[in-house]
Amino acid sequence: MMKKLLLLITLTFCLPHFKCRAQIIRSYLFDSPDFIILHKNISKFSTLDTSFLNITYQLSFVEDTTLTDKDKFLNDIMLLQIGRNYSKFFSLKRYHNDSICTKLLERTFQIPLAGSAVQGYEIYHNIKNNKLTVTNRIPFSSKVYEYEEDGGTVKWILQKGKDTILGYICNKATAYFHGRHYTACYTMDIPSHLGPWKFSGLPGLILKINDDKNEYVFECSGISQQPEPIVRYDWKYEKISKKRWMEFEKHIYENAGRYIESTGERVSIYNNGKHEKIPLTWKKNYNPIEKVY
Amino acid sequence: MHLLFKIHIRDIPQIVIFLLALFFRTLCFAQSPEKNSRATGNTVIKVTVFTSSPVTVTISSKDEREILCYKSIDSSGQYVFEINRPKLDSLELTMRGFNIKGQKKIIRNTSQSINLRSSEQKLYLRQVVVKAKKITVKKDTINYAVSTFKNKTDYTVKDVMKKMPGIKIYSNGQIYYNGELVKNFYIENLDMLHGNSDIAINNIKADDVADVQVMEHHEPIKMFRKRKDRINGPAINLKLRNSAKGAWGANMLAEAGGTPTAWNGAVTAMYFSKKMQDISFVKTNNTGTDLATELGMGSAVSSGGTAGLRMQSPPDIEKKYYLMNNTNSATANHLFKLNKSKQITFNLSYLNDYQKRTTSDYSRYFVSQDSILEIDESQKVYLNTNNLAANIEYLDNSRKHYIKNSTKCLFKFSGGHGIITQNDNTIDQHLDNNSYEIYNSLYASKNHSKGKGYSSFSSNTSLYSKPVDLTIEPGLYYKLFGFEESCKQFKQNVRISGFKSDNSFSLLTLGVNHLKINLNGKINLNYQRFTSDLTFDKIRSNSIQSRNKIDYWKNEFIIQPYLIYFRQDFLMMLYLSSGYEDIYRRDGIKKGNRRVSLFNFQPYAYTELTTGDKIKISALYQHGTKYDDVETATSGVFFSNYRSLYNYGDYSTGKKRYDKSNLTVQYKDVFRMLFWSAKLNYLHYNNNFTGSSDYYGTLTIYDRKYEDNTSSNINSDIYISKGFQFRNSSISAEYQFGQQKNRYYVSGNRYCRKYDYAFLEICGSISPVPWMDLNIKSNTTSYSNYVNGKRSGKKITTVRNEFKAGIAFSDKTDLNLDLNHFYNKKYDDNKNKFLLSCKMDYKIKNKIFYFTILNILNTKKYEEVLYSGLNYYRHTYDIRSRTFLLGIRFTLF
């Protein structure tokens with residue numbers, strides 16, 4: 001009797017150690033095929049620097065060049081954090097969505113999606129070494145790809161002519177960079193040679209820059225000197241060359257349906273009252289900011 | 001960056017050249033001191049920088065007009081700049097950085113060495129706070145970002161739209177943008193509600209809407225979109241947030257309280273996607289919410305059409321105070337998008353409305369120079385209606401063709417009972433009014449294959465029947481109709497039915513450069529039948545005057561040539577409608593037929609000029625002629641209510657010739673959130689009859705005298721609206737003034753009346769602190785009457801003030817206060833009247849708990865005073881007693 005009781009007690013104390021793993025299956029339902037970049041947990045990170053200048057940019061871009069009406073312009077809000085040693089450029093909407101999801105997932109599985117226009121890249125600029133590290137999140141996947149390249153490679157031609165943006169008098173400069181012709185407005189009153197995305201090398205902060213087709217327009221909408229930490233998240237990054245990344249991204253867009261199938265995620269569209277899988281033949285229009293790399 | 005590299009080879013010994021080359025340093029913009037470069041003949045400036053913080057050094061022409069070279073430097077050292085601008089006498093050398101004091105030096109354009117030493121000083125920039133732009137513009141679409149106008153106390157998108165500069169929402173559901181009526185309303189670019197925007201803006205949550213878009217020159221027909229020869233007005237489109245799309249959403253509201261028993265409930269469900277939309281709800285309340293206006297069924301219940309109960313029109317105050325109702329409604333609105341160009345919509349609405357209205361009315365009628373008629377009445381009216389409306393619409397809207405067909409049915413089953421106490425006499429009124437209307441509208445248009453011109457056809461057809469039975473007890477006016485003994489009741493029944501078909505088709509379209517010439521044809525057919533009968537104690541009166549049986553045909557055959565001239569910013573249209581109108585009237589009681597055939601010329605001219613994207617000036621002139629409808633083509637009498645009798649007597653075709661002109665100037669500056677418009681309208685009538693009234697006891701008899709008569713109306717409307725980033729504030733003002741002139745007969749004497757009026761309204765909204773939202777509206781109306789050139793009575797001025805405050809005590813708790821103040825020195829007892837309500841809500845997760853008090857001050861009565869120059873009216877309305885409501889709103893899914 002005593003032995004049986006001991007066994008029972010032992011087993012009882014052992015039971016909590018047999019952990020049950022519950023698998024969460026996510027399904028995504030849209031009214032038309034689209035790419036969505038999933039949230040990521042941002043609770044763990046390392047601090048690279050502290051910003052002394054934070055510039056907010058409105059990004060207006062064209063993803064689908066075949067559209068002719070005003071809906072072809074998509075929008076995002078980007079943030080450029082400038083520190084002494086590092087700068088970081090990323091989507092503020094993406095950050096807010098990650099932040100909300102990180103908190104919500106502690107108690108619910110109902111989370112908002114950020115929207116397809118929100119950019120999935122983050123650009124870290126090591127100012128001393130003049131090196132750029134670009135991280136890219138891909139649709140319907142938790143993977144993050146990373147490549148490095150030299151910064152400050154934009155060859156500017158200073159132009160005459162001035163403009164006023166947010167009350168700052170700006171000079172103009174032009175450059176041909178990775179397949180697009182750009183016009184930049186920069187202000188000498190803000191003595192930083194940095195700018196949005198990979199643009200840098202002017203004698204003042206770039207407040208506005210657009211390509212000649214207005215398919216990519218970055219325009220400053222906010223300036224703050226509130227110190228903020230510049231962080232890099234403790235994710236698993238897959239290192240890749242830039243060439244390989246550009247080819248991979250193009251492949252994803254041109255084989256969008258097959259790509260989604262390969263991720264294993266359950267993605268359907270709502271069509272006349274029925275749920276249908278996104279067709280394998282679906283292609284998404286590809287209009288990257290870098291046409292030549 | 002400039003890098004100039006020039007070598008001049010001189011004829012000197014090679015060893016010297018070699019030694020010189022060893023020690024020559026290349027100074028180049030964007031090179032560190034360690035790199036060598038060759039520069040000869042250029043201005044070489046060696047700048048030795050002493051700094052502990054990153055700096056930017058630039059060399060430019062004077063006043064920094066042209067940047068010549070620059071360098072970002074993060075450590076002390078010597079840096080060389082090379083300039084090749086020999087024509088410049090002087091250069092500007094600047095050093096800037098975030099943590100140093102900026103330095104600027106004017107130097108001569110000669111090679112030299114300069115030291116720059118930085119001193120610590122933090123650079124403070126002019127902060128630009130990150131704010132979403134409240135209003136943005138893309139071509140002719142103005143985008144209002146809802147989140148920038150929304151406060152914590154706003155719930156529906158209508159609450160937020162009221163604060164958007166340039167947009168004004170009236171209580172009848174109409175939306176105006178910069179003084180122009182918005183005729184088309186979309187949700188995600190789809191038209192599900194066919195202009196009935198109240199269903200959307202009253203029910204869609206502000207949190208679900210990203211932007212309210214105003215499309216200024218909206219052309220709903222895609223095949224006409226690139227044409228410059230069309231007049232297009234503004235349209236509104238709601239852009240929803242992604243979270244509000246692609247899934248069904250439903251919420252429920254339930255409120256209950258007293259006194260007496262009060263309730264308000266609603267279950268609302270919505271769905272929005274690219275291919276399907278739905279807004280459906282079931283609502284019920286007895287707390288004064290007018291569901292009829294929301295469903296587009298008109299405002300509340302009317303007392304019949306041609307004949308009805310005598311009751312006062314509603315007062316001009318919020319319905320929650322005076323509308324004693326028991327209303328239930330349900331609506332289902334559904335849109336299916338079949339493909340890119342085709343869609344089908346279904347709208348079904350039902351309304352069951354019971355209303356009680358209690359008023360005291362004093363009316364003073366001018367009978368003659370030495371006689372007036374005073375009537376003191378107290379009225380209790382009970383109205384009940386069941387309305388059923390259904391609409392199905394098919395739309396095919398592509399770039400090549402356009403087809404739209406909509407079929408609507410409206411069935412009304414109404415009744416009412418009114419008790420009037422007049423000078424100790426009690427008059428009982430009973431009304432039965434069941435009607436139906438079936439309406440079909442077809443419009444089709446197609447581009448010609450060669451791309452020039454188009455063909456179009458439209459047909460609007462309706463069939464309707466409006467029978468009314470009005471019973472009055474006791475049987476008043478029996479002597480007028482040949483009865484010798486008094487009667488207990490008299491009954492007026494009126495039957496109006498008809499068929500109408502307006503058809504239009506294009507015959508010719510020609511275009512040469514900026515000139516287009518079109519020719520349209522129109523055929524309008526209109527048949528109406530009017531029958532009426534009067535019985536006393538169920539016995540038909542022998543008087544031939546007591547009956548009507550009129551068949552009335554009014555047909556038009558019109559040719560409409562029109563010219564359009566257009567340039568980039570200028571448009572001119574000239575329509576020259578000419579036609580033949582045939583009016584045939586057959587009188588089945590007096591056995592008389594009359595046919596009138598007339599030639600009708602109705603020109604219309606419109607011109608529009610836009611200067612840049614801020615100013616638009618437009619002008620129009622229109623001339624036309626209107627003829628009687630069947631209600632004024634009667635030869636017998638009929639009662640419109642118990643003390644109003646229409647007696648048009650010997651019939652003659654009533655004709656109204658009108659001239660209408662308008663000049664409008666509109667200005668908008670979206671960047672500054674400033675909108676204003678000014679309109680001047682003139683309307684002149686030339687009639688062949690003058691209205692007349694006579695009195696028989698308390699009975700007013702309306703008649704006509706056939707003679708030439710002119711009347712006119714001139715008015716101006718000035719509107720201005722401005723939004724500010726400061727404290728999320730906005731202000732708008734509207735000023736209207738005008739004058740009306742007409743002529744009228746009273747008891748056989750002719751009077752010329754002039755009516756001057758002015759209306760001023762100022763509205764403002766501000767959030768003085770982030771947790772408070774204030775809205776103030778103040779308007780004053782004043783008018784004066786003149787009869788035969790002399791002022792009649794005193795000027796009447798009414799002032800109304802409305803004050804609303806929303807206070808968010810925390811993220812969970814809000815309080816909304818609503819105070820109305822009215823002033824009119826003609827009021828009997830108290831010149832000032834106040835109406836006050838409040839609502840408190842408390843949020844927990846996705847539930848909101850409400851506590852509402854209507855009419856906190858328990859105001860009993862509201863007065864209105866009107867004076868027409870000849871007649872004076874004072875109406876006193878019962879107000880809902882103080883009512884408490886406890887409620888909850890929550891999301892079902």
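Arg800(B) is buried, with 15% relative accessible area, where buried means under 20%, exposed over 50% and partly exposed in between (1.4 Å probe, protein chains only). Its side chain meets that of Asp316(B) in a salt bridge at 3.7 Å, N to O; a salt bridge is a side-chain nitrogen of Lys or Arg within 4 Å of a carboxyl oxygen of Asp or Glu. Arg800(B) belongs to strand E42 (residues 790-808) of chain B and Asp316(B) to the loop between helix H5 (291-294) and helix H6 (319-322), so the pair ties together parts that are 484 residues apart in sequence. Helices (H or I, at least four residues) and strands (E, at least two) are DSSP runs, numbered from the N terminus. Asp316(B), in turn, counts as exposed because its relative accessibility is 53%.

The model is predicted, with local features needing pLDDT of at least 70 and side-chain atom pairs counted only at pLDDT 80 or more, while totals for chains, interfaces and linings use all residues. Residues are numbered from 1 along each chain as its sequence is written, chains are lettered from A and ligands numbered from 1 in the order in which they are written, and side-chain values use heavy atoms, with hydrogens and water left out.

Turning to overall architecture, chain B has 6 helices and 48 strands. Its radius of gyration is 37 Å, well over the 29 Å that the globule rule gives for 893 residues, so chain B is more spread out than a compact globule. That radius is taken over C-alpha atoms, and the globule rule is 2.2 Å times the number of residues to the power 0.38. The C-alpha trace of chain B spans about 145 × 65 × 60 Å along its principal axes. Of the 893 residues of chain B, 50% count as buried. The accessible surface of this chain comes to about 42,300 Å², with 55% belonging to carbon and sulfur atoms; such areas come from the Shrake-Rupley method with a 1.4 Å probe, and for residues only the protein chains shown count as cover. Among contacts in chain B (heavy atoms within 4.5 Å) between residues at least 6 apart in sequence, 63% join residues at least 24 apart.

Chain A contains 4 helices and 16 strands. Of its 293 residues, 51% count as buried. The accessible surface of chain A comes to about 15,400 Å², and carbon and sulfur atoms hold 53% of it. For contacts in chain A with a separation of 6 or more, residues 24 or more positions apart account for 63%.

Over all chains, the salt bridges number 52. In chain A, one of them joins Lys198(A) to Glu149(A), with the closest N and O atoms 2.6 Å apart. Lys198(A) sits in the loop between strand E10 (180-187) and strand E11 (205-211), and Glu149(A) in strand E7 (residues 144-150), so this pair ties together parts that are 49 residues apart in sequence. Lys198(A) is buried at 4% relative accessible area, and Glu149(A) is buried at 14%. In chain B, Lys754(B) forms a salt bridge with Asp756(B), the closest N and O atoms being 3.9 Å apart. Lys754(B) is partly exposed at 25%, and Asp756(B) is partly exposed at 21%. A network of salt bridges also links Glu318(B), Lys320(B), Glu802(B), Lys804(B) and Asp818(B).

Rings of Phe, Tyr and Trp (its six-membered ring) pair if their centres lie within 6.5 Å, and planes under 30 degrees apart count as stacked, over 60 as edge-to-face and the rest as tilted. Phe177(A) and Trp197(A) have ring centres 6.0 Å apart and planes at 75°, so the pair is edge-to-face. This pair links distant parts of the chain, 20 residues apart: Phe177(A) is in strand E9 (residues 168-177) and Trp197(A) in the loop between E10 and E11 of chain A. Both Phe177(A) and Trp197(A) are buried. The rings of Phe689(B) and Tyr706(B) have centres 6.5 Å apart and planes at 65°, so they too form an edge-to-face pair. Ring pairs also join Tyr477(B), Phe481(B), Phe483(B), Phe490(B), Phe536(B) and Phe639(B) into a cluster.

Finally, the cysteines. Cys69(B) is buried at 0% relative accessibility, and Cys838(B) is buried at 13%.
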